[in-house]
Amino acid sequence: MTRYPACCGPNETIEAAAKLMAERSVGSIPVLNEAEEPIGVVTDRDICCGAVAEGKGGDTPVSEVMTTDVLTVSQDEDVSSCCKKMEQRQVRRVVVTDEDGKCCGIVAQADIARDASGEETGDLVQEISRPSSKSGCC
């Protein structure tokens, strides 16, 4: 996992979030409440398809475009369990929380590809990429 990832609050602007993503070379940022608990995730795709494509300005709050159904795992969870959850939800990123429910990391599909077995990586990519009933916004 990436420990202590770049994060933002729900009232942060999408412009500020996009700049932070560019500075850190990441495609997603956990959105935290005042207690540092994850309440959402904003991705570069959320900003592009959920804001720019709809004509929203850079001053739009992250809360208007973020995904609120956040998948989390505990910092003690094993890689296989994490992969299974990502596969079931067909997500490429999962927020890692500590024993107090605070964000302490993020696991991305790329982290799995770098550090897990070839079989786990292949299974994860295949399951996340399989067609679902959801359609993309773009």
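**From values to terms**

Tutor: Let us begin with T2, which has a relative accessible area of 37% and is partly exposed. Please bear in mind that this is a predicted model.

Student: Why is T2 called partly exposed?

Tutor: Buried means under 20% and exposed means over 50%, with partly exposed in between. The value for T2 is 37%, so T2 is partly exposed. T2 lies in strand β1, residues 2-3.

Student: Which residues does T2 touch, leaving aside those up to four places away in sequence?

Tutor: T2 touches C104, G105, I106 and D111. Contact here means heavy atoms within 4.5 Å.

Student: Why does D76 count as exposed?

Tutor: The cut-off for exposed is over 50%. D76 has a relative accessibility of 70%, and therefore counts as exposed. D76 is placed in the loop between β4 (72-74) and α3 (79-89). Together with E37, E99 and D100, D76 forms a negative surface patch.

Student: What makes the patch negative?

Tutor: Asp and Glu count as negative. The patch is formed by E37, D76, E99 and D100.

Student: How do you know that the side chains of E77 and K85 meet in a salt bridge?

Tutor: A salt bridge requires a side-chain nitrogen of Lys or Arg within 4 Å of a carboxyl oxygen of Asp or Glu. For E77 and K85 the N to O distance is 3.0 Å, so the pair meets this condition. E77 is partly exposed at 24%, and K85 is partly exposed at 28%.

Student: What links E54, K56 and E64 in a network?

Tutor: They are linked by salt bridges. K56 forms one with E54, with the closest N and O atoms 3.7 Å apart. K56 also meets E64 in a salt bridge, at 3.9 Å from N to O. With the limit at 4 Å, both pairs therefore qualify.

Student: Is E54 buried or exposed, and why?

Tutor: E54 counts as exposed because its relative accessibility is 55%, and the cut-off is over 50%. E64, at 48%, counts as partly exposed, and K56, at 28%, is also partly exposed.

Student: How many salt bridges are found in the whole structure?

Tutor: A search of the whole structure finds five.

Note on methods: Residues numbered from 1 in each chain as written. Predicted model: local features only at pLDDT ≥ 70, side-chain atom pairs only at ≥ 80, totals over all residues. Heavy atoms only, no water. Patch = residues over 30% accessible without salt bridge, like charges linked within 9 Å, V, L, I, M, F, W, Y side chains within 5 Å. Areas by Shrake-Rupley, 256 points an atom, 1.4 Å probe, with all protein chains shown as cover. Charge placed at Lys NZ, Arg CZ, Asp CG, Glu CD. Helix = DSSP H or I, 4+ residues; strand = E, 2+ residues; numbered from the N terminus. Buried < 20%, exposed > 50% of the residue type's maximum accessible area, 1.4 Å probe, protein only.
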